[in-house]
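Here's a quick briefing to read with the model open in your viewer.

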Amino acid sequence: KQEEPFFLYLNYQTPHTPIEPPGKNSRYAGYAKYNERDYYPYEYMLYAADFESKELVDYLKGDSNLWANTFFIFTSDNGATSKNVPSSETVGSNFPLRGEKSTSFEGAFRVQTFVTGGLIPEELEGTRNKLISHVADWYATFCYLAGVNDNDDPPNHVPSLEDLPDSIDPLDPVVINPDTGLYDNIWASNNNTYPGHDSVNILPYLLDPTIDAGKRGYHPDERGALVLSMESIIMGDYKLVVAQPCAIEEARGVCKTTKKFGWMNLDAKPGSYLPPPQGQGCTKINDPFASSLQYEPCLFNIETDQRERSPVNNVELRDKLWTALNNSLIFQYNTILRNKHDGISLPEQLGICDDSNSKKNELFGNTEAPLCGLELCFRIGTEVTCN
C-alpha cells in the first residue's frame, strides 16, 4: 500500500560466490557481451545486480513518487577475497587497501557505502562523508526513521567492569578461570541476561557533516572505541591489529589461513599480492589451540596511513587500545555460548517459529531449511559435537 511506510531489505547473492551467472534472460540483453559466446561470468552477475537495483529505483521514482520520502542505502558486509573462483578469472581486489576478507586489515573491513533518496538534501548529493561507522549502526538509524524506540535493555542486571576483579591488562592479565587459563564470558552463567545493543543513530552525522562526531569515537563507550573483531579495534584515528583471525580445522585442532596480508599487485597476474614486511608480529594467527603465543600488535594511524604500511611506535597508546579490546572481549555476547541453553536461542528471543517438518516442507520443500535458534558446535578434545 503506497500510503503506508515500508522497510525493504534486499540482499543480493551477487556479487558473491558461487559464481553462477543468470542464464540468457532478455531482461539483461543490455549487457555488452550478452550475445557473445565468451563473456565474463562475474561481470554478467554485476550487471544483473545493477539492473535490478535500477528497476527498484525507477519504480520508487515513478508515478507514486515514493522516492521523495525514501532513504536508500547500498552497502556491503566485508571486503573482497583474493581467491580465484573456479571456472572464471574472477579475483577480488581491495586495492589500495591492505589485506582481504577474513583478515584484520582495512581490506577486510572498509567497504563502500552510499546513501541516497529524497531524504538526502540536494546540497549533499555527490558529496563524501568521512564518518566511519559500523553496520550495526543501521539498526538504531532505521528505528529512528520508523519512529520506534530502539531500546533493547536486558531483563536482568548487566555486569560491568566493576563486577570483575580487574580489567584485563594485555601485558599482565589476571586469569579468572584457573582450570582453563582463560577468562570466562560473563554471559555464560546468567541464562536470561544479554547486553543492550551499542548501535548508534548516525543519521544526524550523515545529514549534517559539520557535526563533530569524534570521527570514530561516537559510540556509547567510555573509551570511545569501535571494536571490529577479537583481533582489532579503532579509537579515534588509530587502529590496533593484534593478530589475524583463525580459520579452524576442527578435526586436526589447528588454525590455518590462506589469506593475503599484503597489498594487491596491479602489475602482476590477477591474485598477486605484495608480501607484508618481514617481522610484523600482527600477521600471527589468533590460535586458540596454542597453549601460549606472544602477540606483537601493530598500531596504525588510518587517517594518514589508510594502507597500513607504517606502524606507529607509541607503546602507551598501543596498550590503551589493547586493554580496551581485551576488556570488550569479556562482555561480548555470543548466541551460541556453551552452557547457555546448549547454545540455542532462548524461547522469548525466537519470535514466531515453527520447527515442525510439515511446516518446513510447506515453506521450503525438500531443500535445507533454517532452524529455530542456532545450532551449536564445539570442540571437545579432537572431537566435534553438535547440538
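Is Thr-70 buried or exposed? Thr-70 is buried, because its relative accessible area is 10%, where buried means under 20%, exposed over 50% and partly exposed in between, using a 1.4 Å probe and protein chains only. Keep in mind that this is a predicted model, where local features need pLDDT of at least 70, side-chain atom pairs count only at pLDDT 80 or more, and totals for chains, interfaces and linings use all residues. Residues are numbered from 1 along each chain as its sequence is written, and side-chain values use heavy atoms, with hydrogens and water left out.

**Overall picture**

- The protein has six helices and twelve strands; these are DSSP runs numbered from the N terminus, with helices being H or I of at least four residues and strands being E of at least two.
- Of its 387 residues, 33% count as buried.
- Take the contacts in the protein with a separation of 6 or more: residues 24 or more positions apart account for 62% of them (contact means heavy atoms within 4.5 Å).

**Thr-70 and its surroundings**

- Thr-70 sits in the loop that runs between helix 1 (41-60) and strand 1 (72-74).
- A polar atom of the Thr-70 side chain lies 2.6 Å from the backbone oxygen of Leu-66. For a polar contact, the cut-off is a pair of N or O atoms within 3.5 Å; within protein, one must be able to donate a hydrogen and the other to accept it, and residues adjacent in sequence count only if both atoms are side-chain atoms.
- Leaving out residues up to four places away in sequence, Thr-70 touches Leu-60, Thr-116, Gly-117, Gly-118 and Leu-119.

- You'll find Ser-199 in the loop between helix 3 (137-146) and helix 4 (203-207).
- Ser-199 counts as buried because its relative accessibility is 10%.
- The Ser-199 side chain reaches the backbone oxygen of Asp-137 at 3.5 Å, and a polar atom of that side chain lies 3.0 Å from the backbone nitrogen of Ala-140.
- Not counting residues up to four places away in sequence, Ser-199 touches Ala-136, Asp-137, Trp-138, Tyr-139 and Ala-140.

- Four strands form an open sheet in the order 3-4-5-10, with antiparallel pairing (two strands pair if DSSP finds at least two bridges between them).
- At the edges are strand 3 (225-229) and strand 10 (298-301), each pairing on one side only.
- From one strand to the next, the twist averages 20°; axes are lines fitted to C-alpha atoms, for helices over the stretch in contact, and angles run from 0 to 180 degrees between N-to-C directions.
- Strand 3 pairs with strand 4 (residues 232-235) over four bridges in the antiparallel sense, and Ser-229 has Ser-232 in strand 4 as its bridge partner.
- Strand 5 (residues 238-241) and strand 10 run antiparallel and are joined by four bridges; Lys-239 has Phe-300 in strand 10 as its bridge partner.
- On strand 10, Cys-298 and Phe-300 point one way while Leu-299 and Asn-301 point the other way, and all are buried.

**Rings and charges**

- There are twelve aromatic pairs, counting rings of Phe, Tyr and Trp (its six-membered ring) with centres within 6.5 Å; planes under 30 degrees apart count as stacked, over 60 as edge-to-face and the rest as tilted.
- Ring pairs link Tyr-28, Tyr-31, Tyr-44, Tyr-47 and Phe-51 into a cluster.
- The charged end of Lys-61 sits over the Trp-67 ring, 5.0 Å from its centre (the rule is NZ of Lys or CZ of Arg within 6 Å of the ring centre and within 35 degrees of the ring normal).
- Arg-309 has its charged end over the ring of Trp-263, 4.5 Å from the ring centre.
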